Amino acid sequence: SLKNQGLIMGNDGRKMSKRWGNIVNPDDVVRQFGADTLRVYEMFMGPFDQPISWSTENIIGVKRFLERAWKLGDRIMLSSRTDKEGNSSGKHNPISLSVSLDTLLHKTIKKVSEDIENFHFNTAISSLMILLNEMEKNENHLSVVICQLFIKLLSPFAPHIAEELWANLGGKTSTHLEKWPVFDASKTIENSFKLVVQVNGKMRDFFEVPTGISEEDAKDLTLKRANVKKWVGD
């Protein structure tokens, strides 16, 4: 089916025009920020079919995201080489990947795959940003394989950087010739969630409960909480 893209407006909210002096030359943007930054920003700036105003401030944020991805790939590459040489400091431990990061990884594969099919590029990139944040927090437990999965997900949006990272991490062919990642459905299901407690319309407490908890059990646990007792009394 035909999908019409939204108009990119000037940073003043008006249609780009020589009359208003608000035209953005893509060649200038590529020279300043790089082609991948421009590509990612155009897909991240808003819904595909909606008019969105150009923002130099926001494109800088996208550039920083790609720079962080590049630097993380570099660090994992160096850690991997150190491991092979037998001089590892012991910090790089790909076996103990946290359950939360593993769950987020599979949820991101699912999200990005579906969003690409539905032209929801902005939310796909948001998901990649969230995943990168968690990968940085768990850097000491990342493997090359995990980073390669991230690169595959990034490659439709930032093909040049993804290709370089892929080669640096041992890829023998183009990342665009690789099979698309497949998520494990069982790992996209949360085993618990934060139950938020409100008293008289104001949040007074929150705590972790197992998914599928019954209403009665939720009430019982809630009424035993000290913060809740303070506000409801007897």
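1. In this note, helices (H or I, at least four residues) and strands (E, at least two) are DSSP runs, and they are numbered from the N terminus. By that scheme Lys 111 is found in helix H4, residues 99-117. The model is predicted, and for that reason local features need pLDDT of at least 70 and side-chain atom pairs count only at pLDDT 80 or more, while totals for chains, interfaces and linings use all residues. Residues are numbered from 1 along each chain as its sequence is written, and side-chain values use heavy atoms, with hydrogens and water left out.

2. Staying with Lys 111, its relative accessibility is 33%, so it counts as partly exposed; the scale calls a residue buried under 20% relative accessible area, exposed over 50% and partly exposed in between, with a 1.4 Å probe and protein chains only. Leaving aside neighbours within four places in sequence, Lys 111 is in contact with Thr 123 and Ser 127, where contact means heavy atoms within 4.5 Å. The C-alpha atoms of Lys 111 and Ser 1 are separated by 21 Å, and these two residues stand 110 residues apart along the chain.

3. The next point concerns helix packing. Two packed helices are described by the angle between their axes and the distance between the axes. Helix H1 (residues 26-33) packs with H2 at an angle of about 115°, and their axes are 7 Å apart; axes here are lines fitted to C-alpha atoms, for helices over the stretch in contact, and angles run from 0 to 180 degrees between N-to-C directions. On the H1 side the contact is made by Pro 26, Val 29, Val 30 and Phe 33, and on the H2 side by Ala 35, Thr 37 and Leu 38. These contact residues divide into 6 nonpolar, 1 polar and no charged, given that Ala, Val, Leu, Ile, Met, Phe, Trp, Tyr, Cys and Pro count as nonpolar, Asp, Glu, Lys and Arg as charged, and the others, Gly among them, as polar.

4. Grid points are joined across faces, edges and corners, and a volume is the space filled by probe spheres set on the points. The largest pocket holds about 280 Å³ of space. Helix H2 (35-44) and helix H5 (121-137) are the elements that give two or more residues to its lining, and H2 supplies the largest share, 3 residues. Of the 16 lining residues, Gln 5, Ile 8, Glu 42, Met 43 and Phe 48 lie nearest the centre of the pocket, and by class the lining has 9 nonpolar, 5 polar and 2 charged residues.

5. How many cavities of 30 Å³ or more does the structure hold? There is 1, and the largest cavity contains about 60 Å³ of space. Its lining consists of Ala 69, Leu 72, Gly 73, Met 135, Cys 147, Phe 150, Ile 151, Leu 165 and Leu 169, which divide into 8 nonpolar, 1 polar and no charged residues.

6. The structure holds 5 aromatic pairs, a pair being rings of Phe, Tyr and Trp (its six-membered ring) with centres within 6.5 Å, where planes under 30 degrees apart count as stacked, over 60 as edge-to-face and the rest as tilted. The rings of Phe 48 and Phe 119 have centres 5.1 Å apart and planes at 70°, so this pair is edge-to-face. Phe 48 lies in the loop between H2 and strand S2 (52-53) and Phe 119 in the loop between H4 and H5, so the pair ties together parts 71 residues apart in sequence. Phe 48 also forms an edge-to-face pair with Phe 121, at 5.9 Å centre to centre and 85° between the planes. Phe 48, Phe 119, Phe 121 and Phe 157 form one aromatic cluster.

7. Backbone angles deserve a last check. Most residues other than glycine have a negative phi. Phe 119, although not a glycine, has a positive phi of about 65°, and Asn 200, also not a glycine, has a positive phi of about 55°. Asn 200 is found in the loop between strand S3 (192-199) and strand S4 (202-210), and with a relative accessible area of 78% Asn 200 is exposed.

Methods: 1 Å grid on protein atoms, 1.4 Å probe; cavity = no way out; pocket = protein on both sides within 12 Å on 5 of 7 lines; lining within 4 Å.
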